[in-house]
Amino acid sequence: KFDIQRETQKYDNNYFDLFPSVSLSQKLGIENQFQLSYSRRVNRPNLFFLNPFVDQIDAYTSRSGNPYLKPEYINSLELGYTRSLKVATLTLSGFYRNSKDPVNFVSSVDTNGVSTMKPENVGKSNTYGIEFIAQGGFAKWWTYNGSASYFNTNIYENSSLFNFDKTYNAWSARFSTNAAIPDLFDVQFTYFYFGEQLSAQGKIEPMQMMNIAIQKSLFDKRVIIGFRVNDLFNQQRFSANN
C-alpha cells in the first residue's frame, strides 16, 4: 500500500494481487536435472518513481515522479538444465518473459519550452533469452556465484498517445565471491553489469556497480566488526536519453 498527500491531493494505491507459480523437475542420475517453471512476477515502482514533487534540474529541464504508476506484471516461462560436478554446479536455461505496463521515462515540452521527464506505464514487451549460472568454490573457505544472460526484447505500443515498435539485444552479468580467510577475516566482493536498453522514447545507458565488504569476528563470534564500500569506483549511474 502507498499513501502520499500533497496540498489537497491524496494518492492512495493498493497493490494487493496474486502471483501463481508452478515448477516441474526431472533428475537423470545424480548429476543431471531438467526443470520447467512458470511464474507471474511483479516489479512495483519505488519511492523515487512515485514521488510527485518536481526536481528543477535547470531553467529548461525538470523531472518528477508519478504517483499514479501501476506495477509492471511479468509472465515468465523457463526451461533449464543443471549439471552437478564436484567443483561446481552449472545451469543453462532458456526463458521467455511477457511484460505489461513497463515503466518508461517520458519527456514532454510545455508552451514555455520547458522539458519535463517523468515515468509512465507505457506499452508491453516480449523477451527471449538464455542464461548461464555457475556456483561453487575455489576452496572450502572460498566460494563464488556468477551468471550471465543474453536476450532479445521487443517493446511496443499503439495508442492515441504512443506509437512505437522497437527491438534490441542486450546482456547482463553478475558475480559475487566470499572468502573466509582462516584466522584473519571474511571478504565479500560483488559486481553487476546491465547493458544498454531501448525505452519508449530513447535509450537507457549501461549500468554497473562494484561492492566490497570486510568482516571480522571477535570473542568467539560474540562481536562482529564490519566495513563495507558500495559502488567502489562510483560507476552506478542511471542515465536515460530521450
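This is a predicted model: local features need pLDDT of at least 70, side-chain atom pairs count only at pLDDT 80 or more; totals for chains, interfaces and linings use all residues.
**The chain as a whole**

The chain has one helix and 19 strands. Its radius of gyration is 22 Å, well over the 18 Å that the globule rule gives for 242 residues, so the chain is more spread out than a compact globule. Along the principal axes, the C-alpha trace spans about 65 × 45 × 30 Å. Of the 242 residues, 32% count as buried, and the accessible surface comes to about 15,700 Å², with 56% of that area belonging to carbon and sulfur atoms. Among contacts in the chain with a separation of 6 or more, 51% are accounted for by residues 24 or more positions apart.

Four strands form an open sheet with mixed pairing, in the order 5-6-10-9. Strand 5 (54–58) and strand 9 (103–109) stand at the edges, and because each has a single partner strand, one side of each is left without a neighbour in the sheet. From one strand to the next, the twist averages 25 degrees.

Strand 9 and strand 10 (residues 115–121) run antiparallel and are joined by seven bridges; within this pairing N104 stands opposite E120 of strand 10, while V109 has S115 of strand 10 as its bridge partner. The two strands form a hairpin with five residues between them, and in its turn G113 has a positive phi of about 80 degrees. Strand 10 also pairs with strand 6 (residues 61–64), here in the parallel sense and over three bridges, and in that pairing the bridge partner of T61 is S115.

Strand 3 (residues 21–28) and strand 4 (residues 32–43) run antiparallel and are joined by eight bridges, with L24 standing opposite L36 of strand 4. Three residues lie between the strands of this hairpin, in which G29 takes a positive phi near 75 degrees. Strand 4 pairs with strand 7 (residues 72–84) as well, in the antiparallel sense over 12 bridges, and the bridge partner of Q35 in strand 7 is G80.

The pairings described so far are set side by side below.

| Strands | Sense | Bridges |
|---|---|---|
| Strand 9 and strand 10 | antiparallel | seven |
| Strand 6 and strand 10 | parallel | three |
| Strand 3 and strand 4 | antiparallel | eight |
| Strand 4 and strand 7 | antiparallel | 12 |

**Nonpolar cores**

The largest nonpolar core has six residues, namely V106, V122, I155, F162, F164 and A200. Not counting residues up to four places away in sequence, F162 touches V106 and V122, and also E157 and Q201. A second, separate core has five residues, including F49, L50, F105 and M117.

**T89 in strand 8**

T89 has its place in strand 8 (residues 88–100) and, at 24% relative accessibility, counts as partly exposed. Although T89 and I133 are 44 residues apart in sequence, their C-alpha atoms are 8.1 Å apart in space. Once neighbours within four places in sequence are left aside, the contacts of T89 are T82, R83 and S84, together with I133, A134 and Q135.

Most residues other than glycine have a negative phi. D101 is not a glycine, yet has a positive phi of about 60 degrees, and D183, likewise a residue other than glycine, has a positive phi near 65 degrees. D101 is found in the loop between strand 8 and strand 9, whereas D183 is found in the loop between strand 13 (163–180) and strand 14 (186–194). Are these two aspartates buried or exposed? D101 counts as buried, with a relative accessibility of 15%, whereas D183, at 77%, counts as exposed.

Methods: Residues are numbered from 1 along each chain as its sequence is written. Side-chain values use heavy atoms; hydrogens and water are left out. Two strands pair if DSSP finds at least two bridges between them. Axes are lines fitted to C-alpha atoms, for helices over the stretch in contact, and angles run from 0 to 180 degrees between N-to-C directions. A nonpolar core is a set of buried Ala, Val, Leu, Ile, Met, Phe, Trp, Tyr and Cys residues joined through side-chain atoms within 4.5 Å. Buried means under 20% relative accessible area, exposed over 50%, partly exposed in between (1.4 Å probe, protein chains only). Contact means heavy atoms within 4.5 Å. The radius of gyration is taken over C-alpha atoms; the globule rule is 2.2 Å times the number of residues to the power 0.38. Accessible areas come from the Shrake-Rupley method with a 1.4 Å probe; for residues, only the protein chains shown count as cover.
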